[in-house]
Amino acid sequence: MINKCNLRKFCEKHQIPLLTVIIMVVLITVAALALFPGATTKQADIVTYEARNANYISGGNDISQGMLREEAISLISIADGRSKEYRNNYAKIKDYGDGYGYTAGIIGFSSRRGDILKVVDQYIKLKPDDNIMTQYRDALEEVKGTYSHQRLGTYFEAAWIKACTDDEMIQAQNMVLDNEYIYPSLNLAKKDGLSNLGQYIYFDAIVTLGTNNNDSFFDIRDKAISQIKTPSNKGSEKNYLNRFLSIYEKTLSDKALNTSRVKLQKDLLDSGNYKMQLPLNIVYDDITFNIKKENFTEK
């Protein structure tokens, strides 16, 4: 890297004004970025993502990082797949016949909702060359909003599983998870003055019901806020979350969906563990799970 001293000597030797050289360097840099934007995009994405998770083992102050993030995702994995080992979910892909098309990945991205497409787009961005998923990108665009498998099928399923052996695919899933689910729920939870437990409850509701349909997470939150004060408005967090969970439970029941996840959350609320401190001993559908610090040793 050229430092100021060397640059000044170069200018004096060749009798070139220093300002002229600086302008030339800036113009060359701008031109390079314009011609090869992908050269810095991947690095920037990786640095940004790693910076957000720099305190992985030491913990974190909210569910976007550290062990609290691990806890929240593990609890969703228990509710959706009866397993706290959420890392096993990255390569999973299946059509459950629920009208959402393919469900795949760490928290059940959907081809109908379009977040599988977002994962693939992010994966291609991180690995633009020799990417097995590139050939399915347009098909995923076409089936968005439907449960169709057109131009996908078993070859696509096999490609998804194979792609999950790449670090870039795992990172792509984590980035979409953060941007589409964790950060929106966290921002609103903090706005409402909620604890780590409240953050997890919001996160679970966004994952389960989404944000763009009737009876979505936003509908539940709006109903709860219209009926009772949030902690940020000098209300009781326990009373507010109980009201939110009651509305959430009814919404799931009306959709003929399993309400056991809400019972789990009510049990956590009754325990008073607002900080989500480990270990967590929980019962889900008569199955006992113990979540402890040792589960989250970095892998």
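**Pocket, then core**

Tutor: Sorted by class, the lining of the largest pocket holds 15 nonpolar, 13 polar and 13 charged residues (nonpolar: Ala, Val, Leu, Ile, Met, Phe, Trp, Tyr, Cys and Pro; charged: Asp, Glu, Lys and Arg; polar: the others, Gly among them). Keep in mind that this is a predicted model, where local features need pLDDT of at least 70, side-chain atom pairs count only at pLDDT 80 or more, and totals for chains, interfaces and linings use all residues. Numbering runs from 1 along each chain as its sequence is written, and side-chain values use heavy atoms, with hydrogens and water left out.

Student: Which residues lie nearest the centre of the largest pocket?

Tutor: On a 1 Å grid over the protein atoms alone, a pocket is an open set of points where a 1.4 Å probe fits, with protein on both sides within 12 Å along at least five of seven lines; lining residues have an atom within 4 Å of a point. Here, Thr-103, Gly-108, Arg-113, Val-207 and Thr-208 lie nearest the centre, out of 41 lining residues.

Student: Which element gives the most to that lining?

Tutor: Helices are DSSP runs (H or I, at least four residues), numbered from the N terminus. α4 gives the most, with five residues.

Student: Is Thr-251 buried or exposed?

Tutor: Buried means under 20% relative accessible area, exposed over 50% (1.4 Å probe, protein chains only). Thr-251 has 7% relative accessibility, so it counts as buried. This residue sits in helix α11 (residues 237–254). Beyond neighbours within four places in sequence, Thr-251 contacts Leu-209, Asp-215 and Ile-220 (contact: heavy atoms within 4.5 Å).

Definitions and conventions. Helix = DSSP H or I, 4+ residues; strand = E, 2+ residues; numbered from the N terminus.
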